[in-house]
Amino acid sequence: MKCKCMPALLAAAFSAVSIGHAAKAEETVIVQQGETLSDLALSHQTTYQAIMEKNHLPSDIIFAGQTLVIPESGEEVKGSAIHIVESGETLSGIALQYKMSTDELKRMNGLSSDAIYAGQELTIQEEETLSSIDSGQFPLKEGTYDPFVDTWGKSREYGGARVHEGTDIFAEKGTPIHAAADGTISRKGWNELGGWRLTIQAPDGYSLYYAHLSKYADGIEAGDEIQKGQLIGYVGSSGYGPEGTTDQFISHLHFGIYDSEFNAINPYPYLTEWKNNQ
């Protein structure tokens with residue numbers, strides 16, 4: 001994998017190299033009919049996000065006849081880096097490597113589908129410092145849970161057609177659950193889909209979601225400050241019905257991560273890393 005720079009937790013695993021294009025001087029272009037920002041970025045050896053930043057665009061919508069300033073190809077996009085697609089790579093695989101959702105990666109690059117090609121330059125999110133979820137810990141103690149798999153995006157039917165926005169970790173009912181990161185309890189109580197659930201918002205805006213609990217830890221309430229590793233509840237099988245419904249499925253913890261705009265992020269890469277650090 002080739003990349004100008006790396007997220008903090010991946011720096012040790014992947015080499016960072018500069019893109020070998022000679023920098024092009026800043027220029028002005030007039031948008032042609034049917035052109036997109038990603039088309040312009042590719043043809044001018046820059047990035048989709050760099051053009052948006054340079055022109056202070058509020059969205060990725062552009063129109064024929066619009067005048068845009070194309071930044072120098074060597075200019076960096078704040079908070080981002082470039083990944084050069086290699087043969088055999090997939091968009092979902094690249095998103096997983098950088099701990100992004102596929103939808104987020106598509107939005108950053110103006111992609112309308114998952115199709116990518118070798119040599120394509122993709123803007124990815126650079127993490128210069130460890131976020132609360134980068135430095136988190138696994139919510140269950142080692143030896144208390146079964147092996148887990150990536151269930152992100154799997155279809156679910158209860159409550160209407162939808163996709164799974166988390167990772168299911170199977171464990172015996174009553175298994176203690178510990179906070180994966182510091183934060184404040186923003187939601188506590190019954191949810192038809194999640195049963196007895198907790199949402200804890202970290203200081204940097206991420207929200208961690210713990211669902212299907214059998215009960216909460218004593219004394220915790222909405223608004224309480226929670227420390228990483230603190231006991232917050234116990235694994236159960238609550239949910240999929242009116243308040244108090246249980247045993248509609250096998251006991252497990254549904255764990256989810258949401259960004260500051262409450263867009264779901266695949267938690268599987270984080271859980272895998274936290275597990276390896278136990």
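Modeller: Helices (H or I, at least four residues) and strands (E, at least two) are DSSP runs, numbered from the N terminus. Here Ile265 lies in strand S16, residues 264-265. The model is predicted, with local features needing pLDDT of at least 70 and side-chain atom pairs pLDDT 80 or more, while totals for chains, interfaces and linings use all residues. Residues are numbered from 1 along each chain as its sequence is written, and side-chain values use heavy atoms, leaving out hydrogens and water.

Biologist: Is Ile265 buried or exposed?

Modeller: Buried means under 20% relative accessible area, exposed over 50%, and partly exposed in between (1.4 Å probe, protein chains only). Ile265, with a relative accessible area of 6%, is therefore buried.

Biologist: Which residues does Ile265 touch, leaving aside those up to four places away in sequence?

Modeller: Contact means heavy atoms within 4.5 Å. By that rule, and not counting residues up to four places away in sequence, Ile265 touches Lys99, Trp152, Tyr206, Ile257, Tyr258, Asp259 and Tyr270. Ile265 and Met100, though 165 residues apart in sequence, are 6.6 Å apart in space, C-alpha to C-alpha.

Biologist: Which residues are buried in helix H4?

Modeller: In H4, which spans residues 102-109, Thr102, Leu105, Lys106, Met108 and Asn109 are buried. They lie on the same side of H4 because they cover an arc of only 160 degrees around the axis, an arc taken from the directions from the helix axis to the C-beta atoms. After H4 comes Gly110, whose phi is positive, near 65 degrees.
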